[in-house]
Amino acid sequence: MRILVVADIHGNRAALEAVQEPYDICICVGDLVDYGPEPGPCIEWVRKNAAFCVRGNHDHGVAQDVQVQGVAGFRYLTAATRPLSVAALDSSQRRYLADLPTSQMFTLAGKRFLLVHATPRDPMDEYAPPDVTFWAPRIAKLHVDYVIAGHTHVPYTLQVNGTMVINPGSVGLSRDGNPRAAYAVIDNDEVQLKRVDYPQAETIAAVEALVPDNLARLMLTDIYQNGAQLKKLLRENGQGYTNGTASIESENVLKQSSGS
């Protein structure tokens, strides 16, 4: 069985449509919306193609129209794009996001899977690094073969006491310095982390047409072109962000300010 795993699409239709991987089953671990300019088509793609999907923190925020205050980093971007995401969706699409479970457990080809957007302990918000000591207590009693999560926008795999933890990275908003769309494939227990080029100019043009906030447009364009690392977006004030040059903040500040 060939399983396609996608996460953190964030309204980037062009990136999502570039994922042309053959699969038997598609799994999505959330954050279909916010940031990117085309959340509606991304929701419809997931509705049509994903057999299993869980709710991310941005899915929850858009479904409930949660307003965000932020002066820097991804919180600033969320505050700037959240109203646009809410306005772009019809009631059935927002209901779809609201109805997504925060976790799902199921069996495929004799293997037990757990899906969460972030971690089993905090399914929508906890930031999970590729660290065995972090993951071990969170999956100790789950008795599953695979835990699949997203949220960090950085791809990794990790063997933790017999369980494979997979983060496929972000389809639509990479944060690891590589701007290509990221996803994972599980093929007969072989896990492949993959990247694919997509027409960033399409997404950037849509952002230019839709997003009125000048700083948000600048930040998004930089991310789509450069796969901006999270550190590049962290400033004392969002207005200090200029063309990918930024001060380096501590790892704690990264986690606190990510607004992932």
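**Exercise 1.** In this predicted model, determine how many of the seven residues of strand β9 are buried, and identify the strands that bridges join to β9.

*Solution.*
Step 1. Strand β9 covers residues 181-187. A residue counts as buried when its relative accessible area is under 20%. Six of the seven residues in β9 are buried, so the strand is mostly covered.
Step 2. Strand β1, residues 2-6, runs antiparallel to β9 and is joined to it by four bridges. In this pairing Arg2 lies opposite Asp187 of β9.
Step 3. Strand β10, residues 190-196, is also antiparallel to β9, with seven bridges between them. Here Ile186 faces Val191 in β10.
Step 4. β9 and β10 form a hairpin with two residues between the strands, and Asn188 in it has a positive phi near 50°.

**Exercise 2.** Work out which strands stand at the edges of the sheet that contains β4 and β7, and which helix packs on that sheet.

*Solution.*
Step 1. The sheet is open and has five strands in the order β4-β5-β6-β8-β7, with mixed pairing.
Step 2. β4 (103-108) and β7 (156-160) each have a single partner strand; therefore one side of each has no neighbour in the sheet, and these two are the edges.
Step 3. From one strand to the next, the twist averages 20°.
Step 4. β7 runs antiparallel to β8 (residues 163-167), with five bridges joining them. Tyr156 is opposite Asn167 in β8.
Step 5. Helix α6, residues 132-139, packs on the sheet and touches β6 (146-148), β7 and β8. The direction of α6 makes about 60° with that of β7.

Note on methods: Residues numbered from 1 in each chain as written. Predicted model: local features only at pLDDT ≥ 70, side-chain atom pairs only at ≥ 80, totals over all residues. Heavy atoms only, no water. Pairing = 2+ DSSP bridges. Axes fitted to C-alpha atoms, helices over the stretch in contact; angles between N-to-C directions. Contact = heavy atoms within 4.5 Å. Buried < 20%, exposed > 50% of the residue type's maximum accessible area, 1.4 Å probe, protein only.
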